[in-house]
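Hi,

Here is the model I promised to pass on.

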Amino acid sequence: MRAITREVSGSQGFETAWVQLGAGALRARGRAVGTVPEPYWISYELETAEGFVTGRLTVTAETEARTRTLDLLHDGEGGWTADGEPLPAVDGALDCDLGLCPLTNTMPVLRHRLHRAPGEREFLMAWVSVPDLAVRPSRQTYTHLGPGRVRFTSGDFRSDLAFDEEGYVVDYPSLATRLTTP
């Protein structure tokens, strides 16, 4: 188990996650606080199946006005549900992407070793916005730039991410910077 803490400039907040990697799978639980787009806190648990494919993401978000929960489940065959309701817009996606959480950029990078080996991959993600926890489809491209460097693009957004040897984001310009060291 490893603790990773980040300053999240995108939310003007912080996140800490306890992460465990092993045998092609990842498990994590984390908490984040932010002030953008409004003051909030979230707690989440993430489990992947073999090949770092998302199995389940559970999230609770609290703002001054309300508390919201999300149980996002991947059936292992490309189908998704949110709180038991089908999500056909993200069918075929392998991964979730929790907004303002660089940990979820780890799964596709590890699966394709993009932090270590040349390549470019396009993915459909089940993107979860924070703090409202709405799930939307998101097309994302990851491109290996060199050892530990991967370009992330989605629509008009682009950022060159730095990864450590294990595949965790160290620096995500305009979003987050890791504060803890290995």
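Which residues does Asp-71 touch, not counting residues up to four places away in sequence? With contact meaning heavy atoms within 4.5 Å, they are Arg-56, Leu-57, Thr-58, Thr-81, Ala-82 and Asp-83.

Before the rest, some housekeeping. This is a predicted model, where local features need pLDDT of at least 70 and side-chain atom pairs count only at pLDDT 80 or more, while totals for chains, interfaces and linings use all residues. Residues are numbered from 1 along each chain as its sequence is written, and side-chain values use heavy atoms, with hydrogens and water left out.

Back to Asp-71: you'll find it in strand β6 (residues 67-74); strands here are DSSP runs (E, at least two residues), numbered from the N terminus. Its side chain makes a polar contact of 2.7 Å with that of Arg-56. (That term is a pair of N or O atoms within 3.5 Å; within protein, one must be able to donate a hydrogen and the other to accept it, and residues adjacent in sequence count only if both atoms are side-chain atoms.) Asp-71 is partly exposed, at a relative accessible area of 24%; the scale is buried under 20%, exposed over 50% and partly exposed in between, with a 1.4 Å probe and protein chains only.

Now the aromatics. Rings of Phe, Tyr and Trp (its six-membered ring) pair if their centres lie within 6.5 Å, with planes under 30 degrees apart counted as stacked, over 60 as edge-to-face and the rest as tilted. The count by this rule is five pairs. One of them is Phe-152 with Phe-157, edge-to-face at 6.0 Å centre to centre and 65 degrees between the planes. Phe-157 also pairs with Tyr-172: the centres are 6.4 Å apart and the planes at 35 degrees, so this one is tilted. Since Phe-157 sits in β13 (residues 157-163) and Tyr-172 in β14 (residues 169-172), the pair ties together parts 15 residues apart in sequence. As for burial, Phe-152 is buried at 4% and Tyr-172 is buried at 6%, whereas Phe-157 is partly exposed at 34%.

Leaving out residues up to four places away in sequence, Val-135 touches Leu-70, Leu-72, Leu-87, Ala-126, Trp-127 and Val-128. Its C-alpha is 9.2 Å from that of Leu-98, 37 residues apart along the chain.

Cheers

Definitions and conventions. Helices (H or I, at least four residues) and strands (E, at least two) are DSSP runs, numbered from the N terminus.
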